[in-house]
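Thank you all for making the time this morning.

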Amino acid sequence: MAKILIIEDEELMLKALEFRLKKDEHEVVVAKDGREALQKVQSDTYDLIITDIMLPFVSGLEIIGKVKQTPHLAHVPMIVLSAVGLENVVLEAFELGVDDFITKPFNLTELTIRVKKLLKK
Amino acid sequence: MDAGFYFFEQIFNSAIFYFALVVMCSYIILCFFSALEMKAYMRKNSFIDYREILVSPYAPSVSILAPAYNEEATIVDNVKSIMSLHYGNFEIIIINDGSKDSSLQKLIDAYQLEKVNFCVNEQLHHKPIRGIYKSRNSSYSRLIVIDKENGGKSDALNAGINVSSKDLLLCIDVDCIVEQDALLKLVKPYLEEKKRVIATGGVVRIANSCEVEDGRLVKVHMPKNIISRFQVLEYIRAFLMGRMAWSRLNGLLIISGAMGLFDKEIVIKCGGYSHETVGEDMELVVRMRRYMHDHNLKYQVVYIPDPLCWTESPIDFKVLGRQRNRWTRGTIETLWTHRDLFFNPKYSILGLLSYPYWLFFEWLAPILEGIGLISFILLASLGKINWEFSGILFFMVYAFSILLSTIAVLFEERSYHQYTSGKDVLKLLLLAFIEPIVYHPLTIYWSIRGNIDKFTGKKTWGTMTRAGFAGNQKKTEVTAVSQAVDIKEQQNV
Amino acid sequence: MLIILSTGPYLENLFLHRLPFFPDNIKISLFIIMFCTIATVEIYLYVFLKKAKMKRDKYLDAKWKEKISNMLSNIIIYGDEDDGLEKVVNHFLPRFKKLPLNNKRVREILIEEIRIYHANFTGFTADVLKELFVRLKLYKYTLKKLKSRLWEVQVEGVREVAQFWLYQYDSLVFALTDHEHEIVRMEAQTAYVRLNKEHPFRFLDHMRGRILPWHQLILFEIITKAQHVKIPSFSKWLNSDNDSIIIFCLKLISHYQQLDAIGELIRLLKHPNEEIRRMSVWVIGKLEAEFVEEELLHIYHQETLKVKVEILTTIGRISSGNYFDFLKGCLDSDLFEVRMAAMKAILGHGKKGKIMLEELLDRVSIPNQGIISHVLDTRI
């Protein structure tokens with residue numbers, strides 16, 4: 001249905017998210033580090049992006065910034081999925097324009113509902 | 001005449017021999033302490049979840065200070081890789097130390113920087129700041145760039161300290177490859193030691209021939225260049241054996257300029273980095289320790305054995321020689337500045353153990369070794385040598401140094417085994433056989449040259465290398481400047 | 001070859017026949033040479049044997065990890081919440097039972113992987129994983145670990161208890177909260193907070209020694225993330241004679257916005273420990289306790305720099321607007337930090353503060369202008 005980019009360096013999380021979202025019949029593209037993510041962001045367009053903050057090579061915050069500045073991507077809804085729930089990081093992320101911030105550990109079902117809701121918008 | 005020779009022979013046979021024995025014993029003792037410390041560390045941290053520090057709002061805040069001079073080729077990527085370090089509460093302060101190239105412009109363009117009305121609290125003295133830059137883009141809100149007039153590495157770091165608004169300072173070389181969880185590991189001792197921790201250091205490793213992508217180490221390889229390879233062995237020995245042991249004894253005198261985490265409050269109170277020496281990293285640690293002793297505060301300086309920082313090492317003898325020459329001068333300057341520590345019971349382990357150790361074994365040993373060699377040649381040319389005894393003595397030292405290197409490789413294998421292929425390990429082990437005859441005499445030579453330069457007041461060397469950071473040398477040299485004066489292994493002939 | 005052949009008899013002669021006639025230093029040297037050679041050879045053997053073993057271990061670990069991780073992710077993919085817990089667990093259980101759980105390596109990898117998965121998810125996924133852990137009877141090994149003599153194994157056990165909410169081991173864990181090894185003690189305490197429903201913070205009453213910052217950090221994390229912990233009023237520990245307990249409780253009071261602690265906080269403003277005074281001021285700000293402002297001003301002048309700065313920041317945070325004159329007066333201070341903090345505090349008053357700073361800008365000395373423009377610059 002929708003094309004979703006998942007940026008996540010933990011193998012486990014990536015797998016879980018990928019399969020779960022595929023089950024909901026979404027097309028899933030994955031990036032395992034910040035660099036790969038930037039390439040994928042620049043070369044294609046998506047309906048939704050889920051990203052971690054702490055990533056190899058390029059920080060998640062920078063990726064969010066890049067996405068929000070790219071004209072054809074600026075409207076793409078973004079969800080941050082991170083273990084870091086620090087106030088300043090959360091605020092920074094929202095300031096950059098993300099739509100949702102989920103801290104780990106999280107409920108997979110809840111995540112899929114949030115994804116659905118954002119895609120409807 | 002004969003009496004003179006007899007005297008020489010006596011020195012040769014006994015005094016130097018026993019000195020060598022003491023040196024060897026001290027290495028064995030250090031080795032032992034190091035093994036204890038490594039074991040305790042590995043045991044304690046094998047199951048630690050560093051994510052706890054990452055997610056906590058009460059983890060200490062850190063300013064990362066990275067001075068840069070003429071780094072236009074790599075600076076943008078380096079900053080990007082520093083920004084992706086895993087940590088919650090940190091800021092990055094890049095200090096452009098009056099670069100003559102377009103380093104600053106590159107940064108401004110890449111990170112959309114603009115000059116801000118930053119008001120600096122001038123707690124430490126440094127050359128004037130031309131401007132402080134921050135980004136318009138909030139995804140780079142952690143980045144601060146200081147543009148200042150050239151003043152050398154110490155000066156740049158002092159400016160960075162003044163601008164810093166966090167509690168801890170991570171001083172790094174901008175072109176170093178920093179492991180992403182380095183900060184988490186370096187911060188941990190601050191949280192768990194019973195005494196106040198004033199500084200922590202991490203192990204520096206040689207990055208030559210390793211695969212690096214976008215400022216991150218992807219795969220570790222043994223350097224192809226033989227000079228770098230010698231240094232790999234030397235670094236493993238110095239860091240895993242020397243510094244871990246001193247950390248255990250709480251007598252550590254040096255934290256590499258390439259990577260060290262400091263308590264800002266103490267750094268400022270004791271006056272920041274010194275402009276007076278080429279060994280500013282060692283001098284700072286000694287001064288901080290003094291400060292704590294002078295104020296009767298309990299403290300600790302910690303070293304952690306994880307390989308956290310990878311640096312490009314010199315690949316030709318000329319550059320390496322200059323680096324070692326400078327390290328020697330840095331040691332002499334630090335020892336001279338703090339000469340009143342010598343066997344001063346007020347400074348407990350610092351005065352009674354660390355300082356004398358550095359004086360006798362780090363500074364004096366190469367000189368004695370040089371003298372030993374010269375007198376040997378002198379005696380040999382006069383036919384006054386018992387070749388068999390000399391051979392046995394020489395072989396003892398040789399066997400011991402091979403053993404020492406082998407133990408170092410064992411430590412590395414038992415802890416981090418960075419060199420995963422058996423071939424690489426074998427190469428390291430075989431290197432231990434050549435090192436004492438090929439590489440070691442050179443380090444002795446450089447060290448003696450350093451002494452000569454220092455005492456003849458050959459200032460040209462000094463200013464040239466101090467401008468080293470500032471200066472017109474290659475990139476490898478810049479890294480070299482900031483590296484620590486290393487614990488050098490000594491043998492005696 | 002020739003050299004080796006000729007050195008053989010030489011060495012034999014040297015060590016067996018001539019040795020007693022050498023001077024002392026040569027004797028010592030020969031012994032050292034012998035020792036070094038033997039030691040080096042032994043290390044060589046050790047390194048390479050160990051290396052071979054490690055390679056094998058690594059291969060096996062990777063193999064099992066891959067397999068187990070695939071099995072677990074299948075649960076996440078196909079474990080449909082609509083089917084209900086029972087059905088999903090029954091479906092997957094037989095496959096896991098087929099694993100050679102008697103093999104310690106496989107078992108430990110399985111436990112570790114389930115634990116990590118469990119730590120990352122909540123809700124249905126977590127429930128399934130826990131059920132799996134229980135049905136596979138893995139908790140039996142947890143019990144063994146708790147009773148181990150090695151502290152690192154005990155820690156592992158405690159972690160499993162906490163992660164999977166094994167309430168039956170509650171008392172065993174409590175016993176460990178007083179363990180002689182610091183790390184075990186700390187892990188047991190964090191686990192106990194998660195496990196005990198009645199008095200999760202009982203251990204604070206008889207805490208020995210300092211709670212290390214690292215420990216506080218983990219406890220804080222556990223307490224604030226756990227959903228079922230009964231949160232007491234932390235002010236009752238504020239009169240503890242253990243400073244680290246006070247500091248820890250101050251953090252929690254701030255987190256849970258426990259307004260009932262304000263009385264105690266005011267008392268702490270006179271505490272001999274600087275850090276406690278500073279933290280108390282900070283918490284007062286976090287609680288936005290406007291009526292304490294006067295008290296803060298009262299102690300301001302005899303305070304240390306750190307506490308002074310904290311008081312100014314707090315006035316900015318409470319931003320009642322009652323102390324503008326005082327804040328402006330701070331510009332006369334000799335201390336840079338005080339001036340900076342005071343101006344930031346004025347800005348903390350929102351629009352009104354901003355206007356005031358803009359007005360001030362033209363009227364103050366040049367150094368102070370620098371500070372005000374710094375504060376007004378939104379990019380910093």
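Before the first annotation comes up, a word on what it is: UniProt positions are given in the numbering used here, and such annotations may be inferred rather than shown by experiment. Please also keep in mind throughout that this is a predicted model.

With that said, for "modified residue: 4-aspartylphosphate" the UniProt record, an unreviewed entry, lists Asp52(A). Where does Asp52(A) sit? The model places Asp52(A) in the loop between strand E3, residues 48-51, and helix H3 of chain A. Is Asp52(A) buried or exposed? Since a residue is called buried when 20 or more other C-beta atoms lie within 10 Å of its own, Asp52(A), with 24 such atoms, counts as buried. Leaving aside the neighbours within four places in sequence, Asp52(A) is in contact with Ile7(A), Glu8(A), Asp9(A), Gly60(A), Leu81(A) and Ser82(A).

One of those contacts, Leu81(A), leads us into the sheet, where Leu81(A) has Ile102(A) in E5(A) as its bridge partner. The two strands concerned, E4(A), which covers residues 78-82, and E5(A), run parallel and are joined by 4 bridges. They belong to an open sheet of 5 strands in chain A, with the order E2-E1-E3-E4-E5 and parallel pairing. The edge strands are E2(A), residues 27-31, and E5(A), residues 100-103, each of which pairs on one side only, and the twist from one strand to the next averages 20 degrees. Across E1(A), residues 3-7, and E2(A) lies helix H2(A), residues 34-43, which runs at about 135 degrees to E2(A).

Let me turn to how chain A meets chain B, where 22 residues of chain A are in contact with 18 residues of chain B. On the chain A side, H2, H3 (60-69) and H4 (87-96) each supply at least two residues. Which helix gives the most to that side? It is H4(A), with 6 residues. By class, the side of chain A that touches chain B divides into 12 nonpolar, 5 polar and 5 charged residues.

Elsewhere in chain B, Ser401(B) has its place in helix H12(B), residues 387-415, and is buried, with 23 other C-beta atoms within 10 Å. Ser401(B) and Pro436(B) are 35 residues apart in sequence, yet 6.9 Å apart in space, C-alpha to C-alpha.

Finally, the contact between chains C and B takes 37 residues from chain C and 39 residues from chain B. Five helices of chain C, namely H2 (24-78), H7 (151-163), H10 (213-225), H17 (336-347) and H19 (366-376), each supply at least two residues of the side that touches chain B. The largest share of that side, 15 residues, comes from H2(C), and by class the side has 20 nonpolar, 8 polar and 9 charged residues.

H7(C) also packs against helix H9(C), residues 182-195, at an angle of about 10 degrees, with the axes 9 Å apart. Angles under 35 degrees count as roughly parallel, and H7(C) and H9(C) are therefore roughly parallel to each other. The residues making this contact include Trp151(C) and Val155(C) of H7(C), and Ile183(C) and Leu195(C) of H9(C). By class, the contact of H7(C) with H9(C) has 10 nonpolar, 2 polar and 3 charged residues.

Key
Residues are numbered from 1 along each chain as its sequence is written. Chains are lettered from A and ligands numbered from 1 in the order in which they are written. This is a predicted model: local features need pLDDT of at least 70, side-chain atom pairs count only at pLDDT 80 or more; totals for chains, interfaces and linings use all residues. Two residues are in contact if their C-beta atoms, placed from the backbone, lie within 7 Å. Ala, Val, Leu, Ile, Met, Phe, Trp, Tyr, Cys and Pro count as nonpolar, Asp, Glu, Lys and Arg as charged, and the others, Gly among them, as polar. Two strands pair if DSSP finds at least two bridges between them. Axes are lines fitted to C-alpha atoms, for helices over the stretch in contact, and angles run from 0 to 180 degrees between N-to-C directions. Angles under 35 degrees count as roughly parallel, over 145 as roughly antiparallel, 65 to 115 as roughly perpendicular and the rest as oblique. A residue is buried if 20 or more other C-beta atoms lie within 10 Å of its own, exposed if 12 or fewer, and partly exposed in between; C-beta atoms are placed from the backbone.
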